[in-house]
Amino acid sequence: MTERSKDPLYNCVVVKVGTNVLTRPDGLLDMTSISGLVDQIAELKRLGISVILVSSGAVGAGRSLLPLKEQTNKVVRRQVLSSIGQVRLMEIYRQFFLNHGLFCAQVLATKEDFRDRRHYLNMKNCFLALLRDQVVPVVNENDVISVTELMFTDNDELAGLVAAMINAEALIILSSVDGVLDGPPDEAASRVIPEIDPADPKWEKFILPSRSSFGRGGMHTKFRIAGKAAKVGIATYIANGRRADVLPGIVQGENSGTLFRPKEGVSGFKKWIAYNESTPKGKVRINAGAEEALRSPDRVTSLLPVGIEAVMGTFEKGDIIHILNEKEEIIGWGIAQYDYEKARSNVGKKGKKALVHYDYLYIEG
Ligand SMILES: Nc1ncnc2c1ncn2[C@@H]1O[C@H](COP(=O)(O)OP(=O)(O)O)[C@@H](O)[C@H]1O
Ligand SMILES: N[C@@H](CCC(=O)OP(=O)(O)O)C(=O)O
């Protein structure tokens with residue numbers, strides 16, 4: 001175990017806790033686990049760290065209050081259990097945080113709130129005000145509104161969006177496992193992978209489709225979210241939420257889980273653009289050579305007209321445009337430096353100004 005550093009590594013972290021950490025095997029709330037989590041967050045606050053908690057568990061809390069008939073419509077069941085359970089969950093958090101002299105706040109979000117610029121800024125401003133007042137925001141998906149295509153894959157995705165929104169230095173995903181294992185979770189020989197380079201595709205093979213009993217996203221979602229956050233400069237951990245002192249350990253340099261190593265020197269704007277795919281005003285299709293250049297982890301590459309094959313839609317300077325490869329798959333997006341007419345006239349030409357500058361460009365994967 002590494003020596004715990006005296007000063008914490010981070011000043012601002014987002015902690016996400018999954019259903020299986022907050023509930024017992026029978027699906028009811030695990031008060032001991034919740035209390036221990038709040039104690040650890042209170043310890044982070046004592047270390048001077050701003051903390052936002054993204055907490056699942058509303059459905060589990062509702063299940064303990066209103067056992068609905070199994071044949072209830074799945075969507076309605078989730079809405080009813082979550083809307084009843086969220087009240088109970090926040091009641092518990094309020095009391096446990098108050099025991100430490102801390103206030104917590106409730107923030108419910110939908111995917112649309114990260115697309116709509118006004119919603120985004122309202123939510124961000126509220127988070128910053130709450131953190132300034134030493135309040136712990138407790139965030140969850142608004143399950144009443146978020147149904148089917150409006151849903152996040154799970155709260156891992158919501159946590160990644162919140163971390164980028166507030167420019168957090170670290171995202172800590174607490175799960176029912178010790179970290180990303182180098183083999184099947186149910187095999188004794190499987191070991192925690194201590195550090196992952198998100199740019200290295202070799203780790204994908206360790207991710208199995210299995211999920212914990214009440215988890216929604218599974219490790220695939222966690223792996224994707226953690227890799228994306230690390231690529232935009234957010235140190236991202238996957239660790240066991242039931243491990244005593246897991247949070248103080250991580251922020252003081254004693255990581256018991258898996259660290260997705262963050263990319264250095266990523267600007268706040270690049271974080272923003274990475275999570276703001278939004279609805280593009282236009283698209284460009286690029287050739288294989290341009291795709292290879294943009295995907296190269298070792299080069300700083302802007303999107304040059306020489307690699308563009310086609311310009312679609314009408315966009316103005318400053319609009320977000322999607323970047324498609326030859327198979328018309330979205331490989332990234334960015335801010336156009338000039339409008340679609342100039343872009344069209346430059347297609348395939350050398351020596352022309354970049355359509356999307358590297359600083360305003362995000363490439364997936
Ligand atoms: N390589 C792996 N390492 C660890 N867990 C894995 C791996 N591949 C698949 N899993 C599964 O991912 C699950 C954790 O994801 P999930 O079910 O979403 O939990 P949570 O409730 O924390 O969101 C583990 O319970 C495990 O079954
Ligand atoms: N809004 C839901 C979140 C569901 C969810 O994302 O669960 P998990 O995959 O365990 O983090 C709830 O509170 O139950």
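Author: A search of the whole structure finds 14 salt bridges, each a side-chain nitrogen of Lys or Arg within 4 Å of a carboxyl oxygen of Asp or Glu. One of them joins the side chains of lysine 16 and aspartate 156, at 2.9 Å from N to O. Lysine 16 sits in strand S1 (residues 12-17) and aspartate 156 in helix H6 (residues 155-165), so the pair ties together parts 140 residues apart in sequence. Helices (H or I, at least four residues) and strands (E, at least two) are DSSP runs, numbered from the N terminus.

This is a predicted model: local features need pLDDT of at least 70, side-chain atom pairs count only at pLDDT 80 or more, and totals for chains, interfaces and linings use all residues. Residues are numbered from 1 along each chain as its sequence is written, chains are lettered from A and ligands numbered from 1 in the order written, and side-chain values use heavy atoms, without hydrogens and water.

Now the domains. The assignment, from an automatic or database source, gives domain 1 (12-270) and domain 2 (279-363). Their C-alpha centres lie 34 Å apart. The contact (heavy atoms within 4.5 Å) takes 5 residues from domain 1 and 7 residues from domain 2.

Domain 1 and domain 2 bury about 610 Å² between them, 58% of it on carbon and sulfur atoms. Buried area is the accessible area (1.4 Å probe) that two parts lose on being put together, summed over both. Lys228, Phe269 and Lys270 supply 70% of the area that domain 1 buries against domain 2, more than any other three residues.

The count of salt bridges between domain 1 and domain 2 is 0. On the side of domain 1 that touches domain 2, the residues divide into 2 nonpolar, no polar and 3 charged. Here Ala, Val, Leu, Ile, Met, Phe, Trp, Tyr, Cys and Pro count as nonpolar, Asp, Glu, Lys and Arg as charged, and the others, Gly among them, as polar.
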